[in-house]
Protein chains: 2
Amino acid sequence: MRPQLDFWYEFASTYSYLAALRIEAQAKERNMDIAWRPFLLGPIFKAQGWATSPFNLYPAKGAYMWRDLERLCDVQGLKFRKPDPFPQSSLTAARIALTDEVAPQRAEFSRRVYLAEFAEGARIDDDAVLEAVVDSIGLDGEAVLEAARSDAVKLRLRQATEEATRLNLFGAPSFVTPDGEVFWGNDRLEMALSWAGRRP
Amino acid sequence: MRPQLDFWYEFASTYSYLAALRIEAQAKERNMDIAWRPFLLGPIFKAQGWATSPFNLYPAKGAYMWRDLERLCDVQGLKFRKPDPFPQSSLTAARIALTDEVAPQRAEFSRRVYLAEFAEGARIDDDAVLEAVVDSIGLDGEAVLEAARSDAVKLRLRQATEEATRLNLFGAPSFVTPDGEVFWGNDRLEMALSWAGRRP
């Protein structure tokens with residue numbers, strides 16, 4: 001059995017973009033597998049009294065985050081455009097990621113959504129944008145969007161978000177090891193991989 | 001001229017403990033100088049509506065932080081005890097750090113305060129604890145505490161905190177380069193040093 005790490009991400013999250021675009025290379029170096037776990041931060045923020053992203057609620061922190069992201073994208077060789085509006089509504093993207101059709105290519109779908117959103121400036125709450133991303137990985141965008149609207153898929157996303165809440169996740173990206181250790185933030189990716197990869 | 005980095009720290013801040021205990025070794029490797037800049041986060045938190053540390057206001061984030069800190073102290077080879085209460089009142093420690101007497105040894109004084117607080121579990125709002133720290137670096141603790149109560153020193157700390165506000169600092173540790181680039185968090189120390197050390 002190869003060691004595994006759960007990668008919890010939110011499509012609207014800026015630092016999840018950075019993690020999504022580098023996690024597979026980092027895992028490959030260590031012969032590890034990544035389980036891609038999309039969830040919604042909105043309900044978790046709401047439960048602690050936040051109606052929007054803390055980066056909007058606290059302007060100094062928000063202004064810093066945009067500058068920090070710009071610098072980190074530079075280092076990582078990623079293009080960056082500030083999404084407008086921010087945060088984007090990520091509900092449909094997360095549901096699509098959880099369809100049976102997309103599941104085998106969830107990582108690639110997710111990376112392309114992040115690139116559309118943060119490199120190209122596209123709106124991920126626009127069905128046409130998401131259909132085009134699904135088409136681009138060789139699936140039928142229209143059919144997959146239809147599947148994403150099913151009760152079964154809606155339930156899957158609700159359950160994922162409930163599991164995130166049970167794990168006490170409060171931000172994204174978060175990484176959870178098989179022994180239940182939680183690491184928060186793109187900055188902790190390497191530490192999380194090392195932890196999950198330790199021989200008992 | 002050796003490159004310089006401003007290290008903004010708050011004595012009650014957990015991640016400032018980690019940064020304070022490793023910044024000089026990191027700077028020495030790069031032939032750089034560190035300006036130690038104590039300030040108070042309390043007034044900055046208050047201005048955005050927080051009456052205490054966000055780690056107390058948001059319990060999931062707080063619980064995570066204590067675990068994260070424990071893991072990071074392990075990696076860094078530092079002892080760790082959770083201060084009680086948290087956050088400690090850091091007013092007197094910050095004033096002492098800004099006295100003329102302590103200024104030439106501000107780094108060593110600050111490290112010893114952090115160790116008393118986070119490794120030994122001592123209360124840094126206790127004058128006797130702070131006097132002992134000052135004594136331990138070869139100064140007269142009683143006289144320095146007296147100096148720390150002077151209007152001149154109180155003003156210095158107020159001005160430092162005002163400068164932090166002007167720089168839009170919102171957390172600690174923060175690092176500021178001579179060209180005004182701000183980096184927040186112990187995780188950004190290496191990036192801040194690299195930025196400040198770049199040849200123009």
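# Briefing on a predicted two-chain model

The contact between the two chains draws on eleven residues from chain A and eleven residues from chain B. The structure is a predicted model.

**The contact between the chains**

- On the side of chain A that touches chain B, α4 (59-76) and β4 (182-184) of chain A each provide at least two residues.
- The largest contribution to that side comes from α4(A), which gives four residues.
- Sorted by class, the side of chain A that touches chain B holds seven nonpolar, two polar and two charged residues.

**The sheet of chain A**

- Strands of a sheet pair through backbone hydrogen bonds, and the pairing is either parallel or antiparallel.
- Chain A has an open sheet of four strands in the order β2-β1-β3-β4, and its pairing is mixed.
- The edges of this sheet are formed by β2 (33-38) and β4 of chain A, each of which pairs on one side only.
- On average, and with direction ignored, neighbouring strands of the sheet are turned by 25° against each other.
- Strand β1 (residues 4-9) of chain A and strand β3 (residues 174-176) of chain A run antiparallel and are joined by three bridges.
- Which residue of β3(A) is the bridge partner of Trp8(A)? The partner is Ser174(A).
- Helix α10 (residues 189-197) of chain A lies across β1, β3 and β4 of chain A, and runs at about 145° to β1(A).

- In chain B, strand β1 (residues 4-9) and strand β2 (residues 33-38) run parallel, with six bridges between them.
- Within β2(B), Ala35(B) is the bridge partner of Asp6(B).

- Helix α6 (residues 106-119) of chain B contains 14 residues and reaches 19 Å from its first C-alpha to its last, close to the 20 Å expected at 1.5 Å a residue.
- Buried residues of α6(B) include Phe109(B), Val113(B), Tyr114(B) and Phe118(B), and among them are also the charged residues Arg111(B), Arg112(B) and Glu117(B).
- The buried residues of α6(B) pack against β1, α1, β2, α5 (91-97) and α7 (127-136) of chain B.
- After α6(B) comes Gly121(B), which has a positive phi near 75°.
- Helix α9 (residues 151-166) of chain B has 16 residues, which should span 22 Å at 1.5 Å a residue; its end C-alpha atoms are 22 Å apart, so the two values agree.
- After α9(B) comes Asn168(B), with a positive phi near 65°.

**Phe11 of chain B**

- Phe11(B) is placed in the loop between β1 and α1 of chain B.
- Why does Phe11(B) count as buried? Phe11(B) has 29 C-beta neighbours inside 10 Å, and a residue is buried if 20 or more other C-beta atoms lie within that distance.
- Leaving aside residues up to four places away in sequence, Phe11(B) touches Pro38(B), Ser90(B), Ala93(B), Ala94(B), Val113(B) and Ile124(B).
- Val113(B), one of these partners, is also among the buried residues of α6(B).
- Phe11(B) and Ala97(B) are 86 residues apart in sequence, and their C-alpha atoms are 10.0 Å apart in space.

**Cis peptide bonds in chain B**

- Asp84(B) and Pro85(B) are joined by a cis peptide bond with an omega of about 0°.
- Phe86(B) and Pro87(B) are also joined by a cis peptide bond, with an omega of about -5°.
- Pro85(B) is found in the loop between α4 (59-76) and α5 of chain B, and Pro87(B) lies in the loop between α4 and α5 of chain B.

**Positive phi in chain A**

- Asn31(A), which is not a glycine, has a positive phi near 55°, and its place is in the loop between α1 (14-29) and β2 of chain A.
- Asn31(A) is exposed, because it has 9 other C-beta atoms within 10 Å and the cut-off for an exposed residue is 12 or fewer.
- Asn168(A) also has a positive phi, about 65°, although it is not a glycine.
- Asn168(A) is located in the loop between α9 (151-166) and β3 of chain A, and counts as partly exposed because it has 15 C-beta neighbours inside 10 Å.

Technical notes: Residues are numbered from 1 along each chain as its sequence is written. Chains are lettered from A and ligands numbered from 1 in the order in which they are written. This is a predicted model: local features need pLDDT of at least 70, side-chain atom pairs count only at pLDDT 80 or more; totals for chains, interfaces and linings use all residues. Two strands pair if DSSP finds at least two bridges between them. Two residues are in contact if their C-beta atoms, placed from the backbone, lie within 7 Å. The expected span of a helix is 1.5 Å times one less than its number of residues. Axes are lines fitted to C-alpha atoms, for helices over the stretch in contact, and angles run from 0 to 180 degrees between N-to-C directions.
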